Amino acid sequence: MAAKISGYDANQRRISTQALLQQIYRSLEHGETEFEVTSSGHHNIGGPLWTEDGRPLKFRVKNPGQRVGSFGLEGTEIVVEGSAPADAGWLNAGAELTILGDGGDTTAHCAASGKIYVAGRVGTRSGSLMKHDPAYDAPEFWILKNTGSFSFEFMGGGIGVVCGYGREALPSILGDRSCMGMVGGTIYVRGPVDGLSDDVWVLSLDDGDQAFLKENMPVFLGKIGRPQLEKELTDFSEWQKIVAKTYKERNVRSRTTLREFRTQKWVGDGGIFADVVKDDYAHVAGLVNVGVDRIKIPHWQDKRFGAPCQVACPSNIPTQDRINLLRQGKFEEALELVLKYSPFPASVCGEVCPNLCMDACSRRYIDKPVAMKELGRLSRNVAAPQLKAETGKKVAVIGGGPGGLAAAWQLRLLGHGVIVYEADKEIGGKLRQVIPTDRLPADSLESEIQRIKDVGITIKNNTKVDADLFVNIEKESDAVVIASGAHNPVVIPFPGHELMTKGLDFLKAVNAGKYPKVGKRVIVIGAGNAGMDVCLGAYAMGAKKVLCIDIQRPAAYKHEIDSVKALGGEIRWPVFTEKVTAEGLLTKDGEMIEADELIIAIGERPDLSYVPREWLTDRGMMNVDACNQVVKAKGVFSIGDTVQPGLLTHAIGGGQEAALLIDNYLAGKELEPIVKPEMINQSCLSKELFKPRNRGKFCVTDAKDETLRCLSCGTCRDCTMCLEACPEGAISRVENEDGTFEYVSDDDTCIGCSVCSGICPCGVWAMEITV
């Protein structure tokens, strides 16, 4: 009596394939050899299994899943009641598999031995990769009806029998493109066949073929329960056989010329593109072409795209140009170049700037960003560039901070007369007033401010501009730059706010040498960069413990936070203040944080009471257009924190751009917004050409050595790699009369191979697709 194997548990829920197969294994261990399996799409039923004593195994399966009978071994007989899904009999190794319905796709796929009988039709790619090991009987694959397309592809051995019963009306019993890549075996087929591969011959049956079919057809029909069809299916006048061509026969081919292929198969009458392409073929491009026949054309696009460092830098400094000059040995010219963009390369770029350029640097994908701080410090003592001829124009700058001085510096270099009005006793703004000297060495700042003074800028210190003075300044000047910054600290009006010290006032007192008194315990409200400066100032003034709080994630840069933590400072967020008392700060959670001193540093707003109210936005900032010109005051430009809060380097970049716009304004030109270049895509750069340095051991000993590390993104470094690598010698280097150079590709020699684009480390060569 057969062992009952169920694919359901006691609650009639489907069990896993693994659980079902384990039932079969346990039954085998108990000596069972016959199985009735009620499946529910379970896989791999029927193989590979065997008994220790060699007794045959019999399976009768209902509703199997994929790969029924796969790896079936000799001595195993499997009968499927109904149809089977894909891969039935896959890699059959000797089992007898009978499917009393249809077989799915890839039935008998890779079968190597045994017999597979199908009472219906089979799906696509059935019989593919069948093979025959001469040490064993050849596999047999019998099908009552027909196959899907691509049947018996790459067949290497065995026998296929397709009876075509009831399918005589089909255009092909074997579907489309059958027997592709067939190299061995025999297929017997009854009925029409079409679309066969050129790898096979279709032949009539010989006596041996008829004898094989006559002997084995009754066996097949008996297995599938259709013995009454024997007479009809042994009428051999309807049969033919398919065999593979020999290697030699397959390689006898009549070559079609390219022209014949184009005119007969491609676009000629009946060609696959005949309805959309009309061509007389008066000119036919070769496989390798030059000139207009190229699919790709190279273009040398020097400076078409901006380097990531340049685009990210608010001061617009093209470090790639600076490094290229250093690479060429033009040391003074390289260090002078940065002064055309910022008068503070050492103080700001080299000391206090968060260096957004380094965050964007392509070199960081290789090892470490190019050392921008060290490069900036190289320009500390460089003399000012040559001034242009005097224009006779006079420009007033309100505010002697970094933005105002940057504007004044650039305007003076352009040949304009400049007067700077500064309310403090000395110019420098927050660079001098606020930033701790341990972050910005005083001698570095003094050196660069002296360089600004040396170019002939008139400076009026201790001159606070009010409304009356501003009217006179506007009348006496050809243009005005408003760069008075933001010096009014923001204070939140919660109870007790009058007990707090304003962070800006505290920092100004520290930098002025007034040694403001602080207690042992200090709380700083606001964890931005200014808040970190306040924390450092508090420690410098004698605080023992400084706690910095904020309602959100600290906005300060990591290195600023690390400096505070290194002194023992603590950063906490989110902390919401309920009120301030003489004892300290009470949070909205009810916690009293005791403190001797509370300092608030959450930002500043500009004092613009000296300009007409209609020049301001609803938020009290200067209302400017895209060219930073005041909307209601022609010839008056505003930059920096008077327009929107930003970094020191934003103010410097704003000053530089304002100077260029004012120069155009004074020349009577129409003003157009200054647009940053489009950043080059990282995929254009050949970073694999650069050897990575050891990240852990990397240190900068000489900033000039950064010439070896900079990729010169988007700007040609004149390395000649494209010239040397071009396989056709199509590229040449051309010296221009003005001392510049360019690389040129000869259209009559270039084959559009893209080697120049692929080898260029800078991403300067680009390929234009012409089709």
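This briefing walks through selected strands, helices and loops of one structure. The model is predicted. Five strands form an open parallel sheet. Helix H2 bends by about 35 degrees at Asn216. Seven of the nine residues of helix H7 are buried. Two peptide bonds to proline are described as well, and the one from Gly47 to Pro48 is cis.

**The five-strand sheet**

- The sheet is open, and its strands run in the order S18-S25-S19-S20-S21. Their pairing is parallel.
- Strand S18 (501-502) and strand S21 (570-572) form the edges. Each of these edge strands pairs on one side only.
- Inside the sheet, strand S19 (residues 521-525) pairs with strand S25 (residues 597-600). Four bridges hold this parallel pair.
- Helix H17 (residues 529-540) lies across S19, strand S20 (545-549), S21 and S25. The angle between H17 and S20 is about 170 degrees.

**Strand S8 and its partners**

- Strand S8 spans residues 156-162, and six of its seven residues are buried, so the strand is largely enclosed by the rest of the structure.
- Strand S7 (residues 140-143) runs parallel to S8, joined by four bridges. In this pair, Trp142 stands opposite Val161 in S8.
- S8 also pairs with strand S9 (residues 184-190), again in the parallel sense, over five bridges. Here Ile159 stands opposite Thr186 in S9.

**Helix H2**

- Helix H2 covers residues 207-224, which makes 18 residues. The distance from its first C-alpha to its last is 26 Å, close to the 26 Å expected at 1.5 Å a residue.
- The helix still bends, by about 35 degrees at Asn216. A proline, Pro218, follows within four residues of that point.
- At the start of H2, Asp206 places a side-chain oxygen within 3.1 Å of the backbone nitrogen of Gly208.
- Just after H2 comes Gly225, with a positive phi of about 75 degrees.
- The buried residues of H2 are Asp209, Phe212, Leu213, Asn216, Met217, Phe220, Leu221 and Ile224.
- An α-helix has 3.6 residues a turn, so residues three or four places apart point the same way.

**Helix H7**

- Helix H7 (residues 319-327) is mostly covered, with seven of nine residues buried.
- Those buried in H7 are Thr319, Gln320, Arg322, Ile323, Asn324, Leu325 and Leu326.
- The cover over these buried residues includes helix H6 (308-312), helix H8 (331-337) and helix H11 (372-377).
- Gly329 follows H7, and its phi is positive, near 85 degrees.

**Thr649**

- Thr649 belongs to helix H19 (residues 648-666). Its relative accessible area is 4%, so Thr649 is buried.
- The side chains of Thr649 and Ser315 are joined by a polar contact of 2.7 Å.
- Setting aside neighbours within four places in sequence, Thr649 is in contact with Pro314, Ser315 and Cys353.

**Backbone details in the loops**

- Most residues other than glycine have a negative phi, and most peptide bonds are trans. The cases below depart from that pattern.
- The peptide bond from Gly47 to Pro48 is cis, and its omega is near -10 degrees. Pro48 sits in the loop between strand S2 (34-38) and strand S3 (57-62).
- The bond from Trp573 to Pro574 is cis too, with omega near -10 degrees. Pro574 lies in the loop between S21 and strand S22 (577-580).
- Phe154 is not a glycine, yet it has a positive phi of about 55 degrees. Phe154 is in the loop between S7 and S8. With a relative accessible area of 47%, Phe154 is partly exposed.
- Lys303 is another residue other than glycine with a positive phi, near 65 degrees. Its place is the loop between strand S12 (296-300) and H6. Lys303 is partly exposed, at a relative accessible area of 43%.

How values were computed:
Residues numbered from 1 in each chain as written. Predicted model: local features only at pLDDT ≥ 70, side-chain atom pairs only at ≥ 80, totals over all residues. Heavy atoms only, no water. Pairing = 2+ DSSP bridges. Helix = DSSP H or I, 4+ residues; strand = E, 2+ residues; numbered from the N terminus. Contact = heavy atoms within 4.5 Å. Axes fitted to C-alpha atoms, helices over the stretch in contact; angles between N-to-C directions. Expected span 1.5 Å × (residues − 1). Bend = angle between axes of the 7 residues up to and from the residue. Buried < 20%, exposed > 50% of the residue type's maximum accessible area, 1.4 Å probe, protein only. Polar contact = N/O pair within 3.5 Å; in protein donor to acceptor, adjacent residues only side chain to side chain.
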